[in-house]
Amino acid sequence: MFWRGPDYPKARPLLATAVLRNPKHLVAQWFLFQCELIDGDLSAARERGELLVKLSANNHVMILSWVRALVASGDLDAARAAIAQHLIRVDPTADRRNIGANHFIEAALFELVGQGDVSFETSRAMCRENDVTLIDWSKVEKADEIRAALKDMRAKVRNRDICIFGRGPSIKELEADPGRLHGHDFVPFVLSEYQEVAERVLAKVGKTPGLACMTSQVVVRAYADNLRALHASDDFVALTIPDFLDQQLRNSEEDRELAGQILSDPRRVFSYRCQAELNLPVPCDPLHFPTINTLLHALGLAILLEPRRIFLFGFEGKANAATGEYYYAEDYKASYMGEGWQNRTARWLWWDSFRFNHVAPCFINHLQLLHDVRYPLIYNVCKDSAITCFPRIGLDDYSTLVKENV
Amino acid sequence: MSAMGGVVRRLLVKIPLLAQVGARLNDLTNRVAALEGKVGALSSAEVSSNREWVQSTVEANLKDKIAALEERLAESGSADDARALRQRVRDLEDYLRLGGREPRR
C-alpha cells in the first residue's frame, strides 16, 4: 500500500488536486479518504466517506470506509444509522460456493458497530447449514495432506496453552521477570522477531519455539539458520507462512536450498491462502486468512490447533504516546530500517489495530464455524494495548490463571 | 403564422422524435425482458445446483464429524473427559470474568 511507503507524504496533496479537478473521480476520492483516515483527520474523513457512498450509489466497500471513519471518530450512533440507511444486504444463502466481498463486508460492518450477534449470524448463514459446517475440502489444493498435517499438529498442541510473542515495549516486563513463565506448560509461538524472543525470553526458561509464523521473504532469510535448527528439534510443531511466500521461497533460485530444508516436510509446514484484506475463510476457500498482519495469521493456525488458551505477549498495537516507541529494542528496529519498514509509523499502527479489532473477531467466527473448532480463549497480556478485541490482562492475572488447577 | 399554427408545427416536429423514443423504449423493454428471462433461468439452475451442493457437503461433513467423535471416544477415558470438561468450564468462567466475550454457537 502506498501509504506505508516512503512517498506517502507526496500522495495526499496530489490526490487533493485530482479531486479538485474531478470531484466525481471515485478512486481518487477513496485514496484521499484513506489518507485522511490514517492521518487521523477524522472530520475530513467523515465528510469524504459520506461523499464516497453517494458517488458509488451505496457500494459496500464505500459504506465500510465511511462507517470506519464514523466509528474512529467515536460516533457509533451515526455509524449504525449509516448502515441502516445505506446497506442493501445480500442473501448469504443464495449460493455459498461463490461468497463475495460484500458478504464479508457485512459481517465486518456489524462487528465494527458493536453488533456482534448480527455479525455472527451473518457469518453462520455463510458457513453452516442446519448447524453443520459447509466446509468443502474438495476445493482445497492438497486437502488430504493439509488435513493430515493439521491432525498431527493438533495432537501436539490440543488442550495445551499457546503463548504468542511480539516485540511491543511491554515485552520488557516479561524479559525482566522471565520466571513468570516457569512451570507453565505452553507451546511458544514466535513471529517475525524470532531471535529476540528466543534469546531474551524463551532461553531463560529453557524453551525453544514450537510454532513460528513469518510473512516476509526478508524475515525468513534473516532467520534461515534458526529455522533449520528448529526443524531438527523434536519440540518444533510447524512453520506457518502465506501461500505467496511459500511460492516465492520455492521458486527463487536464491532460496531453493533453504526451501528444501524448511518446507519439505508437509507435516511441519502450514501454508494458508492470503490474497485480500477482507476475504475471510468461507466454505470453498476455508484456509484464507485476511491480509492484515502477522499476528492475525498466527492466530489462524493457533485456533485450528484447539489449544486450551492463547496468551499474547508484547502486542501494544500502538506507539507509546509519550516516547513514540512502538517496537522494543533499537537494534531490532534498526534491522528493519534498511528494509523499507521505516515508515511503519505510529499512525500505521493505529490503522493496523483499528482494522484488527473488527476483522479478527469475524475471522475467528469463520474459522470456528467452518472448522468446528472450540471457541478460542485469547488473552492479551498487555493492559494498555490498542488491540482491544480480546480481554486485556496484566502479568499478575496471567500468573494467577496459569497457576490455577481444576 | 397564428399561435395555433406554431404549436401544430412544433408538435409535427416532435412526433417523429417521440416515435423514435417510443421505439427505443420498446426495444429496451424487450431487451430487459429477455435478460430477466435469462437471469431467471440461470437462477433456477443455480438454486438447484446449490441445493445439491449443500446437501452433499452437509452429508460428507457429518460423516467426518461422527468419525472424529468416534475416534476421540475410543482414545479417551471417562475420567480424563470429565477432568477436561471441568477445566473448560473453569477456563470459560475465568475468561468471562476477565472481560472475554461469551462464545456464540
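The largest pocket holds about 1700 Å³ of space, a volume being the space filled by probe spheres set on grid points joined across faces, edges and corners. This is a predicted model, in which local features need pLDDT of at least 70 and side-chain atom pairs count only at pLDDT 80 or more, while totals for chains, interfaces and linings use all residues. Side-chain values use heavy atoms, with hydrogens and water left out.

A pocket is an open set of points on a 1 Å grid over the protein atoms alone, where a 1.4 Å probe fits, with protein on both sides within 12 Å along at least five of seven lines; lining residues have an atom within 4 Å of a point. The lining has 42 residues, and A:Arg154, A:Arg158, A:Glu306, B:Ala68 and B:Arg72 lie nearest the pocket centre. Helix 1 of chain B gives the largest share of this lining, 10 residues; helices are DSSP runs of H or I, at least four residues, numbered from the N terminus.

In chain B, 28 residues contact (heavy atoms within 4.5 Å) 43 residues of chain A. Seven salt bridges are counted between the two chains, each a side-chain nitrogen of Lys or Arg within 4 Å of a carboxyl oxygen of Asp or Glu. One of them joins B:Arg104 to A:Asp117, with the closest N and O atoms 2.5 Å apart.

Technical notes:
Residues numbered from 1 in each chain as written. Chains lettered and ligands numbered in written order. Helix = DSSP H or I, 4+ residues; strand = E, 2+ residues; numbered from the N terminus.
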